[in-house]
Amino acid sequence: MLVYRLVLHYYYFNNNKNGNKSDDEQEEEAPNGGAIIITGCDTGFGNKLAFKLASQGFHVFAGVLNEASVGLFQEVKNIHPLILDVTQDSHVEEAYETVNEWLTAAPAAVHDGNNNNNKEERYLHAVINNAGIMKPGLVDWVNLKDYEVCMQVNCFGPIRMVKTFLPLLKSSSSSLSQQQQHHRRKSPRIVNMISVAGMVSGVGMAISPYEVSKHALEAFTDSLRLELQCFGISVVAVNPAFHSTPMVQNAAKTDDDDILWKIMSPEKQEEYGKDFVDQLTTHAQTMTRSSIWDMQVVVDHVAEDVIWSKKYPRPPPAQTVIGMDWRYGMVGLRMLPQWFRQQLITFISPNLIPASVAASRRRMKPTNEKHNPTTTTTTSALKDKKQE
């Protein structure tokens, strides 16, 4: 407890050196010249983050998958939309060239209010890996391709982005002054938008391809954070719970209850039965709908605490869990022994029995006395005794 209090005191003291300064003094720095590239900006977190960070003064490179999404950003002068499929080497390399060209171009003059023209210093401030995909279904239902797709987008995509843009992040870090490196406000950073599914899996949601890929990204993020600290590059894992993104809303909607049934082969449909699938679907939808949080909470938290702290210069957190239910419930759940956790999840889940298992049990269960050898033997003995 004493060590814990000392650590808290250390971080409080260092993060609040400027605590007595006015708000204007605390916010005297602005991200002029700072660039951020975000993947998955068609909808959801990525889309909202692009607009939020652009409004803070960053030049945002918004990666989108669909050409139709390019038009979403045409009205904002400091958002540069890019067609960016994170599974394609060529797309990521083209994005790198675009960002590098902007960084090395002649910067425009910035007026500081005192009739002085200061040249804007361009630097890559952050890479935000947000693009993601989810494939639902039990392990027995989905194909290996479903796992490969989730891994390509959710894990290998961020790795591809990091490997490509790391030289620019290193260059940004090396150009910082010692004072800027100490405050860490302008220090470059990599932000991986993961999920609570990257911390705890097997909670009865039938999304193992998604959980596997997010656990892999979590492990990559932890390794990367340790390796890049010597370069002054921060690596942040953001683990949101269920928020009102299109992905979560699609999982919670009830207008297509047969979504799981449709992905199953005829053999699996016969083996499990419609009742099994309907109960599982209802359970997953109920779990999702019961704890959906406002998506804007995640956007504001990432923009104001992870990317650019307005209150005081401080390093970004190594990991942040967003969503009150999982933020505090996760601690207890992860501390439980695996066998107890499984029993707990089984208790709150419906009693799911595949149709084939139920049929097998019915065949094995005796239907009347003539199938019971003990009863038959006893009845015969009584008959013999009467005859005597």
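Student: Is the crossing of α5 and α7 left-handed or right-handed?
Tutor: Right-handed, the label for a near helix turned clockwise from the far one by less than a right angle, anticlockwise being left-handed. Keep in mind that this is a predicted model, where local features need pLDDT of at least 70, side-chain atom pairs count only at pLDDT 80 or more, and totals for chains, interfaces and linings use all residues. Residues are numbered from 1 along each chain as its sequence is written, and side-chain values use heavy atoms, leaving out hydrogens and water.

Student: What makes α5 roughly parallel to α7?
Tutor: The axes of α5 (residues 144-174) and α7 (residues 208-228) cross at roughly 20 degrees and come within 7 Å. Angles under 35 degrees count as roughly parallel, over 145 as roughly antiparallel, 65 to 115 as roughly perpendicular and the rest as oblique, so α5 is roughly parallel to α7.

Student: Why are α3 and α12 called oblique to each other?
Tutor: Helix α3 (residues 44-55) packs against helix α12 (residues 295-307) at about 50 degrees, with the axes 9 Å apart. That angle therefore makes α3 and α12 oblique. Their crossing is right-handed.

Student: How do you know that the length of α5 agrees with its residue count?
Tutor: The expected span is 1.5 Å times one less than the number of residues. With 31 residues, α5 should span 45 Å, and its end C-alpha atoms are 43 Å apart, which agrees.

Student: Where does α5 bend?
Tutor: At Phe165, by about 50 degrees, with Pro167 following within four residues.

Definitions and conventions:
Axes fitted to C-alpha atoms, helices over the stretch in contact; angles between N-to-C directions. Helix = DSSP H or I, 4+ residues; strand = E, 2+ residues; numbered from the N terminus. Bend = angle between axes of the 7 residues up to and from the residue.
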